[in-house]
Amino acid sequence: MAIKRGVHRNRGGGGSRFPIVALVLILVLVPMVFFIGRGIYSNNSIDQNDSLSSVSEQDVDWRTKLALQHVKFLFSKEISANNNQENPKSKQDNSLNVYKTHPLDVQAYVNLNYAYVILIAADHSPFVDTPTSLARRQLREKRREKRAADLMKQDDNVSLMLENAAIERSKSVDSAVLGKYSIWRKETDNENVDSAVRLMRDQIIMARVYVSIANMKNKTNMAHELQNRIKESQRALGDATTDTDLNHSAPEKIKAMGQLLSKARDQLYDCKLVTGKLRAMLQSADEQVRSLKKQSTFLSQLAAKTIPNGIHCLSMRLTIEYYLLPLEKRKFPRSENLENPSLYHYALFSDNVLAASVVVNSTIMNAKEPEKHVFHLVSDKLNFGAMNMWFLLNPPGKATIHVENVDEFKWLNSSYCPVLRQLESAAMKEFYFKADHHTTLSAGSSNLKYRNPKYLSMLNHLRFYLPQVYPKLNKILFLDDDIVVQKDLTGLWKVDLRGKVNGAVETCGESFHRFDKYLNFSNPHIARNFDPNACGWAYGMNVFDLKQWKKWDITGIYHKWQNMNEDRVLWKLGTLPPGLMTFYGLTHPLDKSWHVLGLGYNPSIDKSDIENAAVIHYNGNMKPWLELAMTRYRSYWIKYIKFDHPYIRGCKLGE
């Protein structure tokens, strides 16, 4: 019991906390004194021996900071215990709690400090990492190096992209304008083949500006000198379009004009005046360009509608020869084939002898069985004799041919055909022949294309009366006279039209050659019955099922729309718009390789498309028999002309 009471008194007495506090102070102060002493010693040794590395300094600082942190932690515990002195029981409990609740923490700090002491006492070298921490450090360093390398690579890629973009932008800048080209002087290193020509033209423009300003400022001598230089430059320039076409005196004229312009600029240059003069000259040039475009349109339309002298000569000579023939010699052989539905029948309506001959020759030369092909030609009264005579002199081999005169179709009259009735009206005559009394080239150019003489001819509208012209036939292939056949066409008769009447190649692209291009959709009759985005198709090579034609009464549908368009409110003149309306929903699209269009207006048709096409079509103004034809396409047409024929040579059609 005495022992127990003694123990109890020791716990409750005021001096019972001395061993614990003493132990804590010894454990804290001894390592602190040692580390501080170690730091002082290290600092002194560093001052005395400069060979120690900076790594040792960092290790000493690190150890000192760690020891101070430990001391601060333990002192904070001690201060907390001292703050409870007013309550002895609380103080006793706190001291006991510190010992009871943190015995492992105190022991861990003691062990750690003793480990540091032993390590430093055993070796004064810097702190040595364990293998695990060393491996982790090395891994972190490798990651940092890899990341740095990736960032540098990204920077290099970005820099390269920026450089390439800058190079591309520099390529888009016309160096001839910014660096090399100047209206004040000639640069001999300009690679443009027309640089000197453009330089002279620009010099003339600036000279005219300065002439006007000189006259305004009464600088008569300068104005006179500039005018003389302008005349000299114009004579040296002439009609040249490239530098090689220039006169040999052009370099001297350029140099002299450049010197004079420099002089004029020093004396006369005024930004406001020069800008105003150039603006006025630009407006005047725009007006001239618009006027010239109208004249060009008029002349091109006029050239496209006229017959060349050679073709007119050929037609006249053949006509004379035909009417000199006896009647028994004017007949073609194999007339029994004309109504045989098992043969391949073609319809060709033309007043151009040379063009019709190319169509027939090209078809026969590329046919596998020429004897099964039958050509039905219809011409007008003026060219009927010439068309007959040509094919009598030049029969198409074993094929059958027959020529008729459209004026002899007695059933085709104004009481039956709306177009003929409309052509006889006073309003139509006013439109065609007076044309609002335009007296200048540019004034009448806008409506010239619609006053085409072919719209006055029933040859153009006869395509809507095929069953009436050929009542015994079931199928017929319609051909325009501005086409060339390059392959055997018999496969077209085997195409399944799936109950449709017309087989044709569609011509629409994204928005080109759709119904809204040809029809007036502001009219309720058009808007109610047709889709503006419906795809258009081409006349020129069309397969017509004449049985289905009669079933659907295609001619009656055509008459209906033609009667409604007497005032030309549904469409302009022509046969394609009424054809689109008449065969709406009754057209079967053919493969595009059967029919390639645009050789009369499009200069960028792919050569392979032309060579792979069964039929090529010179639709447009640039017909192959005209001088304005595109040279690159003309060879496909002229190879079917017999230039050794005496009539061809006599009319100089080969020149």
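## Close-up views of a predicted model

**View 1. An open sheet of three strands.** Three strands form an open sheet in the order β5-β10-β9, and their pairing is mixed. At its edges lie β5 (483-485) and β9 (595-596), each of which pairs on one side only. Strand β10 (residues 615-617) runs parallel to β9, and two bridges join them; in this pairing H595 stands opposite V615 in β10. Two strands are said to pair if DSSP finds at least two bridges between them, while the strands (E, at least two residues) and helices (H or I, at least four residues) are themselves DSSP runs, numbered from the N terminus. The model is predicted, so that local features need pLDDT of at least 70 and side-chain atom pairs count only at pLDDT 80 or more, whereas totals for chains, interfaces and linings use all residues. Residues are numbered from 1 along each chain as its sequence is written, and side-chain values use heavy atoms, with hydrogens and water left out.

**View 2. Strand β2 and its parallel partner β1.** Strand β1 (residues 344-349) runs parallel to β2, to which six bridges join it, and A347 stands opposite H376 in β2. Strand β2 (residues 373-379) is mostly covered, since seven of its seven residues are buried, where buried means under 20% relative accessible area, exposed means over 50%, and partly exposed lies in between (1.4 Å probe, protein chains only). In a regular strand the side chains alternate between the two faces of the sheet. In β2, H373, F375, L377 and S379 point one way, while V374, H376 and V378 point the other way, and all are buried.

View 3. The side chains of K253 and E232 meet in a salt bridge, with 3.8 Å from N to O. Because K253 lies in helix α10 (residues 250-268) and E232 in helix α9 (residues 220-237), the pair ties together parts that are 21 residues apart in sequence. A salt bridge here is a side-chain nitrogen of Lys or Arg within 4 Å of a carboxyl oxygen of Asp or Glu, and by this rule the count comes to seven salt bridges. K253 is partly exposed, with a relative accessible area of 24%, and E232 is also partly exposed, with a value of 22%.

**View 4. A buried salt bridge between two loops.** R463 forms a salt bridge with D480, and the closest N and O atoms are 3.6 Å apart. The pair links distant parts of the chain, with R463 in the loop between α16 and α17 (466-469) and D480 in the loop between β4 (475-479) and β5, 17 residues apart. Both R463 and D480 are buried.

View 5. K607 and E611 both lie in helix α23 (residues 607-612), four residues apart, which is about one turn of the helix, and their side chains meet in a salt bridge with 4.0 Å from N to O. K607 counts as exposed because its relative accessibility is 52%, whereas E611, with a relative accessible area of 43%, is partly exposed.

**View 6. A patch of positive charge on the surface.** R136, R140, R143 and R144 gather in a patch of positive charge on the surface. Such patches are made of residues with over 30% relative accessible area and no salt bridge, like charges being joined within 9 Å and nonpolar side chains (Val, Leu, Ile, Met, Phe, Trp, Tyr) within 5 Å.

**View 7. Two residues with positive phi.** N218 has a positive phi of about 60° although it is not a glycine, and its place is in the loop between α8 (195-216) and α9. N218 is exposed, with a relative accessible area of 65%. R334, likewise a residue other than glycine, has a positive phi near 60° and lies in the loop between α12 (309-323) and β1. R334 is partly exposed, with a relative accessible area of 30%.

Methods
Accessible areas come from the Shrake-Rupley method with a 1.4 Å probe; for residues, only the protein chains shown count as cover. Lys and Arg count as positive and Asp and Glu as negative; His and the chain ends are not counted. The place of a charge is taken as NZ of Lys, CZ of Arg, CG of Asp or CD of Glu.
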